[in-house]
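Welcome! Here is a friendly first look at a protein model, from its overall build to one pair of helices.

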Amino acid sequence: MNQAVMELEPSIVWTCFEKLNAVPRPSKKEDRVIQFVKEFGEGLGLETIVDPAGNVIIRKPPTVGMENRKGIILQAHLDMVHQKNADTEFDFDSQGIESLIDGDWVTANGTTLGADNGMGAASIMAVLASTDLEHGPLEGLFTIDEETGMTGAFELQPGVLNGQILLNTDTEDEGELCIGCAGGIDTNVTLNYSPVKLDDLNGTLALKISVTGLKGGHSGCEIHLGRGNANKVMNRILWETRDLGLQISAIDGGSLRNAIPRESFAEVVIAKEREPAFKATVKEMTATIRSELSRTEPNLEVTLETSALPDRVMDSATQAKFLQAIYAAPCGVIRMSDEMPGLVETSTSLARVLVESGNIVIQFLTRSSVESAKKDLSQAIESVFLLAGANVQHDGSYPGWNPNADSEILSQMKSLYEEQFGKSPVVNAVHAGLECGIIGSVYPGLDMISFGPTIKNPHSPDEKCEIASVGKYWKYLTAVLERAPEA
């Protein structure tokens, strides 16, 4: 743990954050962090429950004189996205995150920081541990597996929570109050083929193509920024060189379903006599794509290096269908919202492309605040790959969260923000999957708001949290608790 980070103000929040970050907490491997939070609650002498899904609920009684206030549920997810730079040696299953102070920000040493949603979880821990706050009945709800399926929210049972207000802590711009979010659905494509032997071992050359240097980021919150998708960039290069005798051996592009792909690597074979033309075409395409993305992706790199010849490659018929399908598949922002200017309504991200040993796996995450549009776009993607002869399955569908402009807690939090900071908060919805929609479907009638400190570049090794915003968020959060509406 970084002592300098723990000494930042408010130290109770940053200390909880560092202690949480010392516990490995990959999605679907949350046993250690579940135990950590359970022991944290029990160590405070608070009622602590671990439900069958692995969600942890910690209840804190009201302070004297606040017994008549509405119960507030403070909610965060425990898992974090694991991304690291290619040259960073790090084992997320065994190592704690190495936090660093970089000017006005806290970041990590070559990996994701885990501020999404660790900072929210740490703030809830700090509320539960504080002895000088006034508040009504409180429940800390720490859910699991938000990043890879929202399993914890989906498996939350009715009758467990008692509160009437839910404050989700997973919004990433201080000064914003989120009152709605997009729903989502995963599309998983598989295609099997029979690898073929190389025709000419002596006259061929194996090359590794690397697409690196892209920013990546959250495929919901940052999809509108026009960042490059490494899988699309790689496919474009392969497409332009397909007439030069290109034979694909393997591809490994992207990593996580909800992250914009930052890198892609392909192993290909070409005829030695075509090497100059191949390299010239790749160079030309790199320059073209760099020009197109010059403002959003100034660090894009496409490199070539020789590698060992593979035993087998993809057959030509499958290769043609594969490249065509990836090229045709929609990716990025599809439609902007008519209801909220500036908000993305519908998008999709080509998150993962994996080709190895006769197996092709392709993954998309489609998001929309309109359920019918989400279904329509996922079916469009399905149609593209069915035409290529692939198998397509949809799963992990989750609902959006419809805004309630007449919310009691929204009205109160707007007034309180203006009182504290002399300006109005931004009230909006987000093009990302918050657990509020799922939790609200299990507990209809919950009055919900999502807010948090400023976090930039989540789901990437460039993730960072603004130090000053944590102080503002903590001041605001504790004031909201002190002024909870009467029941």
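Predicted model: local features only at pLDDT ≥ 70, side-chain atom pairs only at ≥ 80, totals over all residues.

Residues are numbered from 1 along each chain as its sequence is written, and side-chain values use heavy atoms, leaving out hydrogens and water.

**Overall build**
- The protein has twelve helices and 23 strands, counted as DSSP runs (helices: H or I, at least four residues; strands: E, at least two) and numbered from the N terminus.
- Its radius of gyration, taken over C-alpha atoms, is 24 Å, close to the 23 Å from the globule rule for 487 residues, so the protein is as compact as a globular protein of that length. That rule is 2.2 Å times the number of residues to the power 0.38.
- Along the principal axes, the C-alpha atoms fill a box of roughly 85 × 45 × 45 Å.

**Burial and contacts**
- Of the 487 residues, 57% are buried (under 20% relative accessible area, with a 1.4 Å probe and protein chains only).
- Among contacts (heavy atoms within 4.5 Å) between residues at least 6 apart in sequence, 79% join residues at least 24 apart.

**Where α2 meets α12**
- The axes (lines fitted to C-alpha atoms over the stretch in contact) of α2, residues 11–21, and α12, residues 467–482, come within 10 Å and cross at roughly 115°.
- The two helices are therefore roughly perpendicular (65 to 115 degrees, on a scale from 0 to 180 degrees between N-to-C directions).
- Ile-12, Val-13 and Trp-14 in α2 meet Ile-467, Val-470 and Trp-474 in α12.

Definitions and conventions
Parallel < 35°, antiparallel > 145°, perpendicular 65-115°, else oblique. Buried < 20%, exposed > 50% of the residue type's maximum accessible area, 1.4 Å probe, protein only.
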